[in-house]
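Welcome! Take a moment to look over the sequence and the 3D view, and then we will walk through them together.

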Amino acid sequence: MKILVAITGASGALYAQRLLDNLGPPVHEIHVVMSHYAQQVIAEELPGGLRLPAGVKTHNLKSMNAPFASGSNPPDAMVVIPCTMGTLGRIAHGYSEDVLLRAADVVLKEKKRLILVPRETPLSLVHIKNFELLLLAGATILPANPSYYTGPKTISEVVDTVVARVLDHLGVANKLVARWAEEKE
């Protein structure tokens with residue numbers, strides 16, 4: 001599967017890192033594009049920087065030569081993690097000023113899988129209306145709302161409860177967290 005991971009400037013860079021850690025480039029073709037602010041947030045939140053697994057291809061935000069900038073070569077899936085409300089709103093309204101936004105537009109128009117992981121609270125009516133537009137267009141809105149029934153002990157384990165759901169919606173098998181009411185072996 002060809003998967004595009006887009007990282008924006010919302011707090012929560014660890015979500016993107018853990019997703020990349022669990023998407024194997026030998027199995028999947030992984031591409032990464034970052035907004036300008038994503039780089040600032042990564043510098044603040046990931047002291048060692050973003051660790052890209054070997055084989056991951058990165059793309060410049062302003063390069064419209066990326067393969068997924070055209071409907072003739074869309075990714076199978078795109079995840080925007082974490083997703084700012086500004087990015088979400090621009091995607092909802094078809095504003096495609098850079099390759100990240102253009103790729104999301106391509107994914108929607110080609111009926112591929114678009115997963116948006118917003119990290120914002122509280123929500124305004126504008127946010128909710130943008131959610132509605134995206135849901136109607138076929139996107140999946142998967143807020144970064146962790147679960148605690150598995151008893152996570154570390155920040156990474158809390159983050160993994162969200163990343164596991166993203167992987168589920170990508171159709172990527174994972175055992176990051178125990179499932180609800182799963183029998184102990």
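Which strands does helix α2 (residues 36–45) lie across? Helix α2 lies across β1 (2–7) and β2, and runs at about 95° to β2.

## About the model

This is a predicted model, in which local features need pLDDT of at least 70 and side-chain atom pairs count only at pLDDT 80 or more, while totals for chains, interfaces and linings use all residues. Residues are numbered from 1 along each chain as its sequence is written, and side-chain values use heavy atoms, leaving out hydrogens and water.

Helices (H or I, at least four residues) and strands (E, at least two) are DSSP runs, numbered from the N terminus. Axes are lines fitted to C-alpha atoms, for helices over the stretch in contact, and angles run from 0 to 180 degrees between N-to-C directions.

## The sheet

Six strands form an open sheet in the order β3-β2-β1-β4-β5-β6, with parallel pairing; two strands pair if DSSP finds at least two bridges between them. β3 (57–59) and β6 (140–141) stand at the edges with a single partner strand each, so one side of each has no neighbour in the sheet.

Strand β2 (residues 29–34) runs parallel to β3, and three bridges join them. Here H31 stands opposite K57 in β3.

## Helix α6 and its neighbours

Helix α6 lies across β1, β4 (77–83), β5 (113–118) and β6, at about 165° to β5. Helix α1 (residues 13–21) packs with α6 (residues 155–170) at an angle of about 60°, their axes 9 Å apart.

In α1, the residues L14, Y15, R18 and L19 meet residues of α6 that include I155, V159 and L170 (contact means heavy atoms within 4.5 Å).
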